[in-house]
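Subject: Structure for your files, with notes on helix packing and a pocket

Hello,

Here is the structure I said I would pass on. My notes follow below it.

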Amino acid sequence: MRDTLLIALFAFAGAAVAGLLGACVLLLIRRRSLTVHLAVVAAVAVTAMLAGTLAVAQAMFLSAHDLTVVTTVVAMAAVVSLATALLLGRWVVARSRDLALAARSFGDGGDFAAPDGPATAELAALSRELESTSRKLAESRDRERALETSRRELVAWISHDLRTPLAGLRAMAEALEDGVAADPDRYLKQIRTEVERLNDMVGDLFELSRIHAGTLTLSLSRMSLYDLVGDALAGADPLAREHGVRLVGDRVEPVPVEVDGREMSRVLGNLLVNAIRRTPADGTVAVTAERSDTGVVLAVTDGCGGIPEEDLPRVFDTGWRGTHARTPPAGAGLGLAIVRGIVEAHRGTATVRNVTGGCRFEVRLPAAEA
């Protein structure tokens, strides 16, 4: 037992010296290729075995012949180990180089395609992560392009929508100033109407800017959807009467929710105004509110005749107003974008789908805690 411990001690001492030298070499070549690192690791392993063997041989006084045999065996093992390490290193480096070349497509705006051929588990995992990142970047680029398109459309439409009332206001102001207005009271009433329209537009822009900047602050309180819908229907009733549209709110359950009453009233108001303006006279706009498996669903169904399927994904985009036939004389395409922003701030979702004769806008909100 004592001899075995001595042999282990001498072998460990010799191997430790070789290991320390190998660690110093690896530290010096830490910026070199992986092939060199693998070759050094293989050389350290063989050298450690040889150093341990020599230390034991000196302590045990082996014969010169036995020592030569042991050294020869170790030397052959070193040759095989180094050759294997070099082959493995070159293969890993080649796979890494292919992966690096494939990853360059990120900067060129392309999609990542993993290199063909086998790879180590780590390189394969890295390829999968790069593929996932590539998909996310592609989706981000698509969203950015869509947002940029929406911004350009918004600027163009806002410029147009501002120019028309401003030109009218200027003409009416000049007529009043020159004393040529046949009916000054009518002019003043029209000026007030245009000013209110401009004020609403500026208010929408301010609200949208708060949503996009992430500065929309909610004051949550517990309330019933029945009361929320009732107030919204009462507020939209004059506009519905003006357009000859019937408002229906029979299927509204008194479901409790925790929302910002003012902001959710704006959501309902925007949805109702949008539905009323796009529903022909003698049409119906229906509002429902009911429980669902994941919370509550608030829906507004109009009689607009439907939206083209290719336009459905853009309905809530900033500045989107659809075809000319669906575009009302007022508005800059901000109402539905504001709806989505406020709903998402409440941890909900806003969607739209076509139904028979019109569209159904759905707002899904988390249910209030019991």
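Is the crossing of H5 and H7 left-handed or right-handed? In this predicted model, the crossing of H5 and H7 is left-handed. The contact draws on Gly 203, Asp 204, Glu 207 and Arg 210 from H5, and on Arg 262, Glu 263 and Arg 266 from H7. Sorted by class, the residues of this contact are 6 charged and 1 polar, with no nonpolar ones. As for geometry, helix H5 covers residues 184-213 and helix H7 covers residues 261-278, and the two pack at about 120° with their axes 14 Å apart. That angle makes H5 oblique to H7.

H7 with H6

Helix H6 runs over residues 225-243, and its axis comes within 9 Å of that of H7, at a crossing angle of roughly 30°. Angles under 35 degrees count as roughly parallel, and H6 and H7 are therefore roughly parallel to each other. Their crossing is right-handed. On the H6 side the contact is made by Leu 228, Val 229, Ala 232, Leu 233, Ala 236, Leu 239, Ala 240 and His 243. On the H7 side are Gly 261, Met 264, Ser 265, Leu 268, Leu 272, Val 273, Ile 276 and Arg 277. The residues of this contact comprise 12 nonpolar, 3 polar and 1 charged.

H7 with H8

H7 also packs against H8, at an angle of about 145° and with the axes 9 Å apart. The crossing of H7 and H8 is left-handed. From H7 come Glu 263, Arg 266, Val 267, Asn 270, Leu 271 and Asn 274. They meet Gly 335, Leu 336, Ile 338, Val 339, Ile 342 and Val 343 of H8. By class there are 7 nonpolar, 3 polar and 2 charged residues in the contact of H7 with H8. Glu 263 and Arg 266 of H7 take part here, and they are also among the residues in the contact with H5.

The second largest pocket

Which residues lie closest to the centre of the second largest pocket? The pocket holds about 240 Å³ of space. It is lined by 14 residues, and those closest to its centre are Leu 147, Phe 316, Asp 317, Thr 318 and Arg 340. Helix H4 (121-178), H5 and helix H8 (335-345) are the elements that each give two or more residues to the lining. The lining has 6 nonpolar, 4 polar and 4 charged residues.

Regards

Conventions: Residues numbered from 1 in each chain as written. Predicted model: local features only at pLDDT ≥ 70, side-chain atom pairs only at ≥ 80, totals over all residues. Heavy atoms only, no water. Axes fitted to C-alpha atoms, helices over the stretch in contact; angles between N-to-C directions. Helix = DSSP H or I, 4+ residues; strand = E, 2+ residues; numbered from the N terminus. Parallel < 35°, antiparallel > 145°, perpendicular 65-115°, else oblique. Left-handed = near helix turned anticlockwise from the far one by under 90°. Contact = heavy atoms within 4.5 Å. Nonpolar A, V, L, I, M, F, W, Y, C, P; charged D, E, K, R; others polar. 1 Å grid on protein atoms, 1.4 Å probe; cavity = no way out; pocket = protein on both sides within 12 Å on 5 of 7 lines; lining within 4 Å. Points joined across faces, edges and corners; volume = space filled by probe spheres on them.
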